[in-house]
Amino acid sequence: MAPKTERVMFLRAVRQLHRVRAFYVVGILLWSASTVWTAWQSPGSRQMWVSALLLAVFTGLLLTAALSLRRLEPPRTGRPAHHAASRNAHA
């Protein structure tokens with residue numbers, strides 16, 4: 001029963017990474033807007049640099065999540081999908 005449990009945990013991890021990746025994209029959009037706004041209002045201020053730092057942090061987190069998802073993808077093969085193979089077997 002361990003392989004089935006491992007598969008379920010794997011699928012949960014992939015789903016969670018997808019959700020986290022979406023959260024990081026929203027964070028990047030918000031911090032980009034904040035950085036632009038702050039740079040326009042008071043260029044070179046501490047608030048602008050904090051916004052830029054948080055933008056860089058969210059960008060790094062997004063890259064890490066994207067690389068983790070790419071690493072977890074199953075390798076693509078030239079074989080047909082399982083349902084197509086089973087349909088041909090019944091014909």
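View 1. Trp37 and Trp40 both lie in helix H1, three residues apart, or about one turn of the helix. Helices here are DSSP runs (H or I, at least four residues), numbered from the N terminus. The model is predicted: local features need pLDDT of at least 70, side-chain atom pairs count only at pLDDT 80 or more, and totals for chains, interfaces and linings use all residues. Residues are numbered from 1 along each chain as its sequence is written, and side-chain values use heavy atoms, with hydrogens and water left out. Trp37 counts as exposed because its relative accessibility is 53%. Trp40 is exposed too, with a relative accessible area of 61%. Exposed means over 50% relative accessible area, buried under 20%, and partly exposed in between (1.4 Å probe, protein chains only).

View 2. The structure holds four aromatic pairs. Rings of Phe, Tyr and Trp (its six-membered ring) pair if their centres lie within 6.5 Å; planes under 30 degrees apart count as stacked, over 60 as edge-to-face and the rest as tilted. Phe23 and Phe58 form a tilted pair, 6.2 Å centre to centre with 50° between the planes. This pair links distant parts of the chain: Phe23 is in helix H1 and Phe58 in helix H2, 35 residues apart. Phe23 counts as exposed, at 54% relative accessibility. Phe58 is buried, at 14%. Trp37 and Trp40 form another tilted pair, 5.5 Å centre to centre and 50° between the planes. Ring pairs also link Phe23, Tyr24 and Phe58 into a cluster.

**View 3. The largest nonpolar core has nine residues.** Its members are Val14, Leu17, Tyr24, Ile28, Leu55, Phe58, Leu62, Ala65 and Leu69. Helices H1 (2-41) and H2 each give two or more residues to this core. H2 gives the most, with five. A nonpolar core is a set of buried Ala, Val, Leu, Ile, Met, Phe, Trp, Tyr and Cys residues joined through side-chain atoms within 4.5 Å. Leaving aside neighbours within four places in sequence, Leu17 is in contact (heavy atoms within 4.5 Å) with Ala65, Ser68, Leu69 and Leu72.

**View 4. Leu61 of helix H2 (residues 46-72) belongs to a nonpolar surface patch.** Leu53 and Val57 complete the patch, which has about 240 Å² of accessible area together. Areas come from the Shrake-Rupley method with a 1.4 Å probe; for residues, only the protein chains shown count as cover. Patch residues have over 30% relative accessible area and no salt bridge; like charges are joined within 9 Å, nonpolar side chains (Val, Leu, Ile, Met, Phe, Trp, Tyr) within 5 Å. A salt bridge is a side-chain nitrogen of Lys or Arg within 4 Å of a carboxyl oxygen of Asp or Glu. Leu61 counts as partly exposed, at 33% relative accessibility.
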